[in-house]
Amino acid sequence: MRNVLISGAGVAGGTLAWLLARAGWAVTVVDRAPGPRTGGQAIDVRGVALDVVDELGLGDRMRALRTRMRGMSVVDGDGHELFRSEEFTYSSGRLDSADFEILRDDVVAMLLEAPRVEYVFGDTITALTEEAHGVRVEFERGGFRTFDLVVGADGLHSVVRRLAFGPEEDFTRHLGQYLAIFPTANFLGLEDWQVWFRHEHTGGVVYPVRENTELRVTLGFGSEPLPRLAVPEQKRLIAERLAGVGWEVPKLLEAMADADVFYFDAMAQIHLDRWSAGRVVLVGDAGYCASALSGQGTSLALVGAYVLAQELGRGTREEAFAAYERRMRPFAALNQALATENAEGPASEESVERAKNAISLA
């Protein structure tokens, strides 16, 4: 029995755990969060990633939970409508597409149902030591275990990447923006309709979910890299940067202050010359984060996990890691390029179509 430790219980880690367990691996997933993470934004499943969720047997369930937006509006800082569309939204693209948008927490909840996977929450890796026949892994809560493989699927700020490859700053490209995401009650009364707002170097989007009972709110601002901040300081900074913006922003800032579920981070990408070192390999944002600006982070996670699992079933560890990188690098590069295009406005349909299908799952 081959055994693997996956750090990170998100989309990449959950998908890989499902596939490897089904292939006969003994799979353990560790995540520093005390339990499955809730909140977050609506995410897109596009192009070849649709085939991955179907292969998992979750495609129909995910499509049933897709968001049902009728369209979107764009308003300025005073609430004046600048643009509206009933054909597409900035977040999910064309509304008549086979691609779909779904809440991240719904996807993660389904992946956690994977049979024969051991999930360990509230712990993290503190040391990795490669030995003759495995990797000795030490944990924050104490003790150690040895695994045949260790996979870093732990996001932009990957612990596995830091331990196996070096400091985060060596691989990070900041994209000049920060985003905050949180849920709140639908006090705006939106019905299957997104509203985006723009004001100078700030902006955001609000959209209803859960049968229009809840809002997911994203607030953002432009900035050079900032030091790490605790949540109260993060909220204070956002309130300062968006102070004076009109429309419903003051009410959104009040809701943010009371939000228990809250995410804040830089829009940044990860670029490495290699995604594996010995028995350690990276997948998803840990290895090739494209940022939310690409609209393809979830698809990269799904496809990356699928390709890695597929190659691990075909050859030796060394052969699998090499094939995984050879297949995934062009796909990752095209999708990371979307973020740069999106930073100046919505990426062109041609760029999105090319990026989301730029790999074969065969």
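Asn-335 sits in helix α10 (residues 317–343), where helices (H or I, at least four residues) and strands (E, at least two) are DSSP runs numbered from the N terminus. The model is predicted, so local features need pLDDT of at least 70 and side-chain atom pairs count only at pLDDT 80 or more, while totals for chains, interfaces and linings use all residues. Residues are numbered from 1 along each chain as its sequence is written, and side-chain values use heavy atoms, with hydrogens and water left out.

**Asn-335**

- Asn-335 has a relative accessible area of 0% and is therefore buried (buried is under 20% relative accessible area, exposed is over 50%, and partly exposed is in between, with a 1.4 Å probe and protein chains only).
- The side chain of Asn-335 reaches the backbone oxygen of Ala-355 at 3.2 Å.
- Apart from neighbours within four places in sequence, Asn-335 is in contact (heavy atoms within 4.5 Å) with Ala-290, Ser-294, Gln-296, Leu-300, Ala-355 and Lys-356.

**Other buried residues**

- Val-74 belongs to strand β4 (residues 71–76) and counts as buried because its relative accessibility is 2%.
- Val-74 and Arg-198 are 124 residues apart along the chain, and their C-alpha atoms are separated by 7.6 Å.
- Leaving aside neighbours within four places in sequence, the contacts of Val-74 are His-80, Glu-81, Leu-82, Phe-83, Tyr-90, Trp-196 and Arg-198.
- Arg-161, in helix α5 (residues 159–165), is buried at 0% relative accessibility.
- Not counting residues up to four places away in sequence, Arg-161 touches several residues, among them Gly-155, Phe-171, Ile-270, Leu-272, Leu-282 and Asp-285.
- Gly-287 lies in helix α8 (residues 285–288) and is also buried, at 0% relative accessibility.
- Gly-287 touches Ile-270, Leu-272, Trp-275 and Leu-282, with residues up to four places away in sequence not counted.
- From C-alpha to C-alpha, Gly-287 and Ala-153 are 8.1 Å apart in space, and they are 134 residues apart in sequence.

**Helix α4**

- Helix α4 (residues 104–111) is largely enclosed by the rest of the structure, because 6 of its 8 residues are buried.
- The buried residues of α4 are Asp-105, Asp-106, Val-107, Val-108, Met-110 and Leu-111.

**Loop residues with positive phi**

- Most residues other than glycine have a negative phi.
- Asp-192 is not a glycine, yet its phi is positive, at about 50°.
- Asp-192 is in the loop between β14 (172–185) and β15 (193–199), and it is partly exposed, with a relative accessible area of 25%.
- Arg-210 likewise has a positive phi of about 50° although it is not a glycine.
- The loop between β16 (202–209) and β17 (214–222) holds Arg-210, which is partly exposed, with a relative accessible area of 34%.

**Second largest pocket**

- The second largest pocket holds about 300 Å³ of space.
- The pocket is lined by 14 residues, and the closest to its centre are Leu-65, Arg-66, Val-209, Arg-210 and Glu-211.
- On a 1 Å grid over the protein atoms alone, a pocket is an open set of points where a 1.4 Å probe fits, with protein on both sides within 12 Å along at least five of seven lines, and lining residues have an atom within 4 Å of a point.

**Annotated region**

- The unreviewed UniProt entry annotates residues 3–332 as "domain: FAD-binding", and such annotations may be inferred rather than shown by experiment.
- The span of residues 3–332 is 30% helix and 34% strand, and its end C-alpha atoms lie 27 Å apart.

How values were computed:
Grid points are joined across faces, edges and corners, and a volume is the space filled by probe spheres set on the points. A polar contact is a pair of N or O atoms within 3.5 Å; within protein, one must be able to donate a hydrogen and the other to accept it, and residues adjacent in sequence count only if both atoms are side-chain atoms.
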